[in-house]
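Me: I am new to this protein and would like to learn how to read its features one by one. Could you show me the structure and walk me through it?

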Amino acid sequence: MTSKLAIVTSHPIQYYAPWFRFLAQDCQRDLRVFYLWDFGVVAQRDRQFQTTLAWDIPLLEGYPYEFVENVSAQPGTSHFWGLNNPSLAHRLRAYQPDAVLCMVYNYISLYRLIFTWRECPLLFRGDSHRLVPPTGVKAKVKQWWIRQIFQRFAACLYVGQANYRYYLEHGVHRDRLFFSPHSIDNQRFSQALPEATAAAREWKRSLGIPSDHRVILFAGKFISKKRPQDLLQAFLEASFSHVSLLFVGAGPLEAVLRSQASGSTQVYFAPFQNQSQMPRTLAIADVVVLPSYGAGETWGLIVNEAMCLGKPVIVSHHVGCAEDLVKHGQNGYIFPAGDVASLTQILIQALGQADLDQMGRRSSHHIQAYSYERMAQGLGEALASLPQSAPALNSLAIHS
């Protein structure tokens with residue numbers, strides 16, 4: 001019997017599509033990806049970026065996929081009914097997989113699948129954490145409900161240590177947990193470094209940033225959970241003389257940030273940069289900062305990207321990847337989320353030393369372990385752990 005893996009996910013995502021391609025081509029795996037929404041490949045308005053966009057790198061090349069009809073009146077991932085695909089189970093049965101990997105669960109389509117699917121084992125890969133412990137009755141009820149959900153999966157893939165503890169706290173036995181780290185297309189970013197560095201010098205000039213200034217970079221959505229205003233306040237309080245702060249992106253906080261920065265000649269803004277420009281965007285930086293607050297920053301893949309470009313990184317302790325990727329004082333710094341005074345002191349410490357390049361080299365070295373190969377290895381280990389009575393599952397194990 002031919003071994004088949006089905007992957008169910010919300011929509012084409014710039015971080016996952018290259019992994020699917022890697023699984024299909026490098027691992028020579030018989031798989032099909034089932035998308036529940038077409039955001040990312042069809043130009044649509046991003047609610048948080050507040051701009052219409054479609055990613056400008058190939059997201060549907062090199063692996064089999066299909067879009068499952070979404071009948072939601074408001075398709076999207078911002079609400080429970082946004083992924084409403086009644087034909088999902090039918091489409092999966094037509095494919096006849098030996099295992100199904102779910103990349104999301106908290107939508108009506110996934111609930112239907114999780115509680116009715118009997119044809120083959122279900123696996124789950126998520127990235128939630130409890131770095132900000134919830135309190136109250138509602139939180140206890142939610143924790144109980146997530147436990148019921150996780151019991152439906154034969155194995156779970158965790159992306160890092162905070163996510164690992166999250167599964168344990170929700171009743172998943174450690175024997176059902178397999179490490180499949182959050183990764184990006186390391187090869188694309190590493191290979192782009194020489195060209196991106198040259199392009200960044202010209203971009204820096206065109207933005208008006210003095211050539212002798214070091215650059216602190218925030219790149220992403222200007223939204224409350226990412227706390228760009230904390231970084232701006234810390235930068236202004238640091239009173240640097242030869243350092244500039246660059247905000248790249250868009251979002252509802254942009255007007256506030258521009259207003260608060262209006263008295264400084266060392267704060268710059270650049271618009272949203274699509275995926276093809278991210279190597280250049282990160283290459284302009286001497287330090288990349290992600291000061292997020294709250295439970296919403298489940299990982300922070302911008303940190304992976306920055307490290308691939310050989311950049312030191314500064315993150316708050318609420319950022320999901322902090323424990324895994326940031327070695328305090330070696331390749332970056334971790335500060336208490338929301339503590340502007342601590343962030344100010346870390347900025348002064350980081351920008352006041354001469355070994356930023358050495359810290360960046362440590363970043364570049366460390367991030368190599370967070371690769372699509374390691375993601376695939378974890379998936380293969382999870383598949384190999386499934387019951388022997390399930391046909392063809394042994395041959396599903398992936399060895400890159």
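Predicted model: local features only at pLDDT ≥ 70, side-chain atom pairs only at ≥ 80, totals over all residues.

Me: Where does M278 lie, and which residues does M278 touch beyond four places away in sequence?

Reply: M278 lies in helix α9, residues 278–283. Leaving out residues up to four places away in sequence, M278 touches F189, Q273, I302 and E305.

Me: Let me try another one. Is K226 buried or exposed?

Reply: K226 is buried, with a relative accessible area of 13%. K226 belongs to the loop between β10 and α7. Setting aside residues up to four places away in sequence, its contacts are F218, K221, L290, P291, S292 and E297.

Me: How should I read a backbone angle such as phi?

Reply: The general idea is that most residues other than glycine have a negative phi. Here, R227 has a phi near 50°, a positive value in a residue other than glycine. R227 is in the loop between β10 (214–221) and α7 (228–238). S239 is another case, with a positive phi near 55°. S239 sits in the loop between α7 and β11 (243–250).

Me: Is S239 buried or exposed?

Reply: S239 counts as exposed, because its relative accessibility is 59%, over the 50% cut-off.

Me: Now the sheets, please. What is the strand order in the sheet of seven strands?

Reply: The order is β5-β2-β1-β6-β7-β8-β9, in an open sheet with parallel pairing. β5 (65–67) and β9 (177–179) stand at the edges with a single partner strand each, so one side of each has no neighbour in the sheet. From one strand to the next, the twist averages 25°.

Me: How many bridges join β2 and β5?

Reply: Strand β2, residues 31–35, pairs with β5 in the parallel sense over three bridges. Within this pair, Y35 stands opposite F67 in β5. Helices cover parts of this sheet as well. Helix α1 (residues 17–25) lies across β1 (5–9), β2 and β6 (99–102), and runs at about 155° to β2. Helix α5 packs on the sheet too, touching β7 (122–125), β8 (155–158) and β9, with its direction at about 150° to that of β8.

Me: How do I read the two faces of a strand?

Reply: In a regular strand the side chains alternate between the two faces of the sheet. For β8, both faces are covered: A155 and L157 on one side and C156 and Y158 on the other are all buried. β8 pairs with β7 in the parallel sense over three bridges, and A155 in β8 is the bridge partner of L123.

Me: What describes two packed helices?

Reply: Two packed helices are described by the angle between their axes and the distance between the axes. In this model, the axes of α4 (residues 137–150) and α5 (residues 161–169) come within 9 Å and cross at roughly 95°. That makes α4 roughly perpendicular to α5. At the contact, Q143, I146, R147 and F150 in α4 meet Y166, Y167 and E169 in α5. These contact residues divide into four nonpolar, one polar and two charged.

Me: Which strands are at the edges of the sheet of six strands?

Reply: This open sheet has the order β12-β11-β10-β13-β14-β15, with parallel pairing. Its edge strands are β12 (267–270) and β15 (332–335), each pairing on one side only. The twist averages 20° from one strand to the next. β11 and β12 pair in the parallel sense over four bridges, with L246 having Y268 in β12 as its bridge partner. Helix α6 (residues 186–207) packs on the sheet and touches β10, β11 and β12, its direction making about 110° with that of β12. Helix α10 (residues 301–308) packs on the sheet as well, touching β10, β13 (287–290) and β14 (313–316); its direction makes about 165° with that of β14.

Me: What feature does UniProt place at residues 201–354?

Reply: The UniProt record, an unreviewed entry, gives "domain: Glycosyl transferase family" for residues 201–354. Over that stretch, the chain is 36% helix and 21% strand, and the end C-alpha atoms are 20 Å apart.

Definitions and conventions. Residues numbered from 1 in each chain as written. Heavy atoms only, no water. Helix = DSSP H or I, 4+ residues; strand = E, 2+ residues; numbered from the N terminus. Buried < 20%, exposed > 50% of the residue type's maximum accessible area, 1.4 Å probe, protein only. UniProt positions renumbered as here; feature names shortened; annotations may be inferred. Axes fitted to C-alpha atoms, helices over the stretch in contact; angles between N-to-C directions. Parallel < 35°, antiparallel > 145°, perpendicular 65-115°, else oblique. Contact = heavy atoms within 4.5 Å. Nonpolar A, V, L, I, M, F, W, Y, C, P; charged D, E, K, R; others polar. Pairing = 2+ DSSP bridges.
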